[in-house]
Amino acid sequence: MPLDIRNIGVVGAGQMGIGICHVCALSGRSVHLVDVDTEQLDRAMAAVDHYLGRQVSKGLLTEAEKDEAFKRITFGSDVAAFKDRDLVIEAATEDEQIKKGVYKEVCPHLKPEALLATNTSSISVTRLAAQTDRPEKFIGMHFMYPAPMLDLVELIRGIATAPETFRIVEDLVLKLGKTPVSVEDFSAFIVNRILMPMVNEAIYALYEGVASVKAIDTAMKLGCRHPMGPLELADFIGLDFCLAVMNTLNEGLADTKYRPCPLLVKYVEAGWLGRKTGRGFYDYSGDEPEPTR
Ligand code: NAD
């Protein structure tokens, strides 16, 4: 029988780390969240409280369930607190050097049997595993954003990932109420490999003057029943993230079909990153988003 993961550590209190903590705590697990940035830890604490509160106001949780879940999360900046964790999920900044630094710090504090997972969207799981003292206990565990809302978790085996590691983490994902899919370690895995070229193509359509922002989004919503148009979606995800994935695909698979659209590059250079900066393919300064082209 797979080991039941009860105590989880999370590194990185950004938008993914917050969501992962939320999901794990709601499933009855104890979670310790670590970040180097103590102000970010304060924001994370407020964010988890806010999102749990929203579930109470929607009638999805009782006030008592919210309080219980919140009490199961602890926050701190010392990775020594991971000594009793069964699994640590690294959700630090998408930068290979930063992630390597995290493993160097975290590994000496882990129990020998503890598993280590990365939430990376694009870096080779095999290469990251090689930076740890436990490549056979290392796996890619790719939650979607926002983690509490989206049911998929891509599980990525590195070349050294042991079958037992995969089974234990797969079992955990099911217990978190999510659906795991198994993916081999290729650039951008499944969702981003298929989704980002579509978003990039929508930006090419805009760049080449095929249609306006509004027309492209309306066409894909009404014509394909997508809940959001591709440009709206790009703004929601962050244009810097879209560009990073396209660069990974372009470099990793060496096929010109993955060339990032020059307009996407320009927007990122301008700091127009979408919702988070108030401007992308839409302007978010008013009551309603206004197309910028
Ligand atoms: P983010 O920038 O919002 O947060 C990253 C956090 O990591 C920051 O709070 C930062 O202070 C912290 N950090 C940096 N170095 C650290 C260290 N040495 N020790 C501890 N904490 C450290 O990033 P994010 O969007 O939450 O992404 C995190 C990971 O999840 C990335 O690997 C990303 O590719 C992946 N991911 C992101 C999304 C998304 O849509 N944002 C979706 C799926 C996966």
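Reader: How do α1 and α2 lie to each other: parallel, antiparallel, perpendicular or oblique?
Author: This is a predicted model, to start with. The axes of α1 (residues 15–26) and α2 (residues 38–57) cross at roughly 50°, and the two helices are therefore oblique to each other. Their axes come within 10 Å.

Reader: Which hand does the crossing have, left or right?
Author: The crossing of α1 and α2 is right-handed.

Reader: Which residues make that contact?
Author: From α1, I18, H22 and L26. From α2, Q40, A44, A47, V48, Y51, L52 and Q55. By class, seven are nonpolar, three are polar and none is charged.

Reader: New topic: α6. Which of its residues are buried?
Author: T165, F166, I168, V169, D171, L172 and V173.

Reader: What do they pack against?
Author: Strands. The buried residues of α6 pack against β1, β4, β5, β6, β7 and β8.

Reader: How far apart are the ends of α6?
Author: The end C-alpha atoms are 19 Å apart. With 13 residues at 1.5 Å a residue, α6 should span 18 Å, so the two values agree.

Reader: What comes just after α6?
Author: G177, just after the helix, takes a positive phi of about 85°.

Reader: Now K276. Where is it, and is it buried or exposed?
Author: K276 sits in the loop between α11 and β9. Its relative accessibility is 54%, so K276 counts as exposed.

Reader: Which residues does K276 touch, leaving aside neighbours within four places in sequence?
Author: K276 is in contact with G238 and D240. As for L239, K276 is 37 residues from it in sequence and 9.6 Å away in space, C-alpha to C-alpha.

Technical notes
Residues are numbered from 1 along each chain as its sequence is written. This is a predicted model: local features need pLDDT of at least 70, side-chain atom pairs count only at pLDDT 80 or more; totals for chains, interfaces and linings use all residues. Side-chain values use heavy atoms; hydrogens and water are left out. Axes are lines fitted to C-alpha atoms, for helices over the stretch in contact, and angles run from 0 to 180 degrees between N-to-C directions. Helices (H or I, at least four residues) and strands (E, at least two) are DSSP runs, numbered from the N terminus. Angles under 35 degrees count as roughly parallel, over 145 as roughly antiparallel, 65 to 115 as roughly perpendicular and the rest as oblique. A crossing is left-handed if the near helix is turned anticlockwise from the far one by less than a right angle, and right-handed if clockwise. Contact means heavy atoms within 4.5 Å. Ala, Val, Leu, Ile, Met, Phe, Trp, Tyr, Cys and Pro count as nonpolar, Asp, Glu, Lys and Arg as charged, and the others, Gly among them, as polar. The expected span of a helix is 1.5 Å times one less than its number of residues. Buried means under 20% relative accessible area, exposed over 50%, partly exposed in between (1.4 Å probe, protein chains only).
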